[in-house]
Amino acid sequence: MLEKRRVAIFGAGYIGLVTGACLAQLGHDVVVRDIQQERIDILRNGGVPIYEPGLEELIAANADRLTFTLDAGEAVRDSDIVYVCVDTPPTPSGDADLSRIWQVISTLHDASHLAAVVVKSTVPVGTGARVRAAMDRAGLQHVGYASNPEFTAEGAAVRDFLHPDRVVIGADDPEIAKLIAALHDGVDGPVVEMDIASAEMVKLAANALLATKISFANEIATICEATGADVEHVVHAVGLDHRLGPHYMKPGVGWGGSCFPKDSRALRAMASNSGYSFQLLSSVIEVNDLQPRRAIQRLKDELGGLADRTIALLGLAFKPGTDDVREAPSTILASRLLADGATVRCWDPLAPPLDTAPWPSTTRHDTPLEAMTGADAVIIVTEWPQLRDADWDQAAAAMARPLIFDGRNLLDPKQMGALGFTYMSVGRSTVRGA
Ligand code: UGA
């Protein structure tokens, strides 16, 4: 039998909303608090301010167990457990900015009735100990503390929450660990308990290793290009080794998003701050920085320069299934193309209108075909299914020059060659159509 809890979620972003909706789905009463009036208004009116598959339906289905508020006091007053799901962006030194976490903690003065405060935001190791000390200073010694890092990937966050590979709970008090484990009753995955610092480290280590696997695949791809091997065959066969696995081995124009770039830099900064140079991770980051630049250089060589060329960028989001363009490779690609004098025409099915550089200097188009019309080359940046299924025959006819740089190895080289394209991709030989 589920022990029903009242949970206050601080932060109505990707993590907070998914956590709140999923805990409500498990049967708990949830209040989500955010400081942005607009977000709360949208949520109160039945909308969802971000795109995440299944989230809108989950929020609607659990409307009787989910409320939204701007008022921190109200959220805390009616709850047993507070979940901190605010963002922790990088500071100029590469450390995580914890100011939003401290803001939440500062609202907990009338919180002596709480059973526990849980931090889900990604934080440097040692943050939990500092939060614990701050809670003690505020007279909340008897309120428990736990770290419960999130491992949900955007685009699959609801599924990842309800069917996780593991739920990690870091707590110094076994009773608090038990309480947070019980909150996850109904979740289809193992619970792993440990101390707070280790739980904080699991999150950073997992993201760093995932990023390492991708950068490794991208390095192998570069060597494949130089030697004539096909990286897709290579990573497929390498991944069949059960010790290595097939995941996060897909080469491309690089990893982006709100997590890998930020978390890898934060872990590197954390190591540097203690005088240790995490050289492997620095290389992983550098490989990723180079990946879109190498793509542009290859295109430049092929076109004999980019000045006055028109390039279609297909896909702006950092991966398909999301509207998120944070630290997306598309941003570097567009900036580099513009810097070399190209005209950039963009398409993305979900990304909202973008008003920060470089986007105002590009044009946005409703369909891939419209973006490609008259272009000297197209770069596939995000592996949207619409691009796999696009009418490439028609595209070849509409383009000024049939040239594709497939930054996600989405298309079949032979087929593209047969359609008359010069088809470049990552870690595979360039195919030149008739
Ligand atoms: C990532 C992790 O996968 C989650 O487990 C974690 O909880 C989350 O960060 C977080 O820290 O919040 P996310 O950033 O949503 O999730 O996206 P991923 O699906 O992991 O993709 C990250 C980037 O890697 C994308 O740009 C994607 O295109 C790229 N990627 C992924 C590759 O280039 N190759 C691959 O084989 C896999």
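Tutor: Y248 sits in the loop that runs between helix 10 (231-239) and helix 11. Helices here are DSSP runs of H or I with at least four residues, strands are E runs of at least two, and both are numbered from the N terminus. Before going on: this is a predicted model, where local features need pLDDT of at least 70 and side-chain atom pairs count only at pLDDT 80 or more, while totals for chains, interfaces and linings use all residues. Residues are numbered from 1 along each chain as its sequence is written, and side-chain values use heavy atoms, with hydrogens and water left out.

Back to that tyrosine. Phi of Y248 is near 55°, a positive value in a residue other than glycine. At 37% relative accessibility, Y248 counts as partly exposed; buried means under 20% relative accessible area, exposed over 50%, and partly exposed in between, with a 1.4 Å probe and protein chains only.

The side chains of K250 and E232 form a salt bridge, 3.1 Å from N to O. E232 belongs to helix 10 and K250 to the loop between helix 10 and helix 11, so this pair ties together parts that are 18 residues apart in sequence. Both partners are partly exposed: K250 has a relative accessible area of 45%, and E232 comes in at 22%. To count as a salt bridge, a side-chain nitrogen of Lys or Arg must be within 4 Å of a carboxyl oxygen of Asp or Glu. The general idea is that side chains of opposite charge can pair when their charged atoms come close.

Y248 also leads us to the ligand. Of the 19 residues around the ligand, Y248 is one of those that come nearest, along with E150, E154, K203 and N207. A residue gets into that shell if one of its heavy atoms lies within 4 Å of the molecule. By class, the shell has nine nonpolar, three polar and seven charged residues. Here Ala, Val, Leu, Ile, Met, Phe, Trp, Tyr, Cys and Pro are called nonpolar, Asp, Glu, Lys and Arg charged, and the others, Gly among them, polar.

Who supplies that shell? Helix 9 (196-227) and helix 11 (260-273) each bring at least two residues, and helix 9 gives the most, with three. Domain 1 (6-194) and domain 2 (260-432) each put in at least three residues, the bounds coming from an automatic or database domain assignment.

E150 has a polar side-chain atom 2.5 Å from a ligand oxygen. T152 uses its backbone instead, with a polar atom 2.9 Å from an oxygen of the ligand. R408 has a polar side-chain atom 3.4 Å from a ligand oxygen. Taken as a whole, the protein covers 91% of the 710 Å² of accessible area that the ligand has on its own, with areas from the Shrake-Rupley method and a 1.4 Å probe; for residues, only the protein chains shown count as cover. A polar contact is a pair of N or O atoms within 3.5 Å; within protein, one must be able to donate a hydrogen and the other to accept it, and residues adjacent in sequence count only if both atoms are side-chain atoms.

There's a contact inside the protein worth a look as well. The side chain of T127 reaches the backbone oxygen of P124 at 2.6 Å. T127 lies in helix 6 and is buried, with a relative accessible area of 2%.

D136 is partly exposed at 31%.

E327 is found in the loop between strand 9 (310-314) and helix 13 (329-339), and it is partly exposed at 41%. In the loop between strand 10 (343-347) and strand 11 (363-364) you'll find P358, where the peptide bond from A357 is cis, with omega near 10°.
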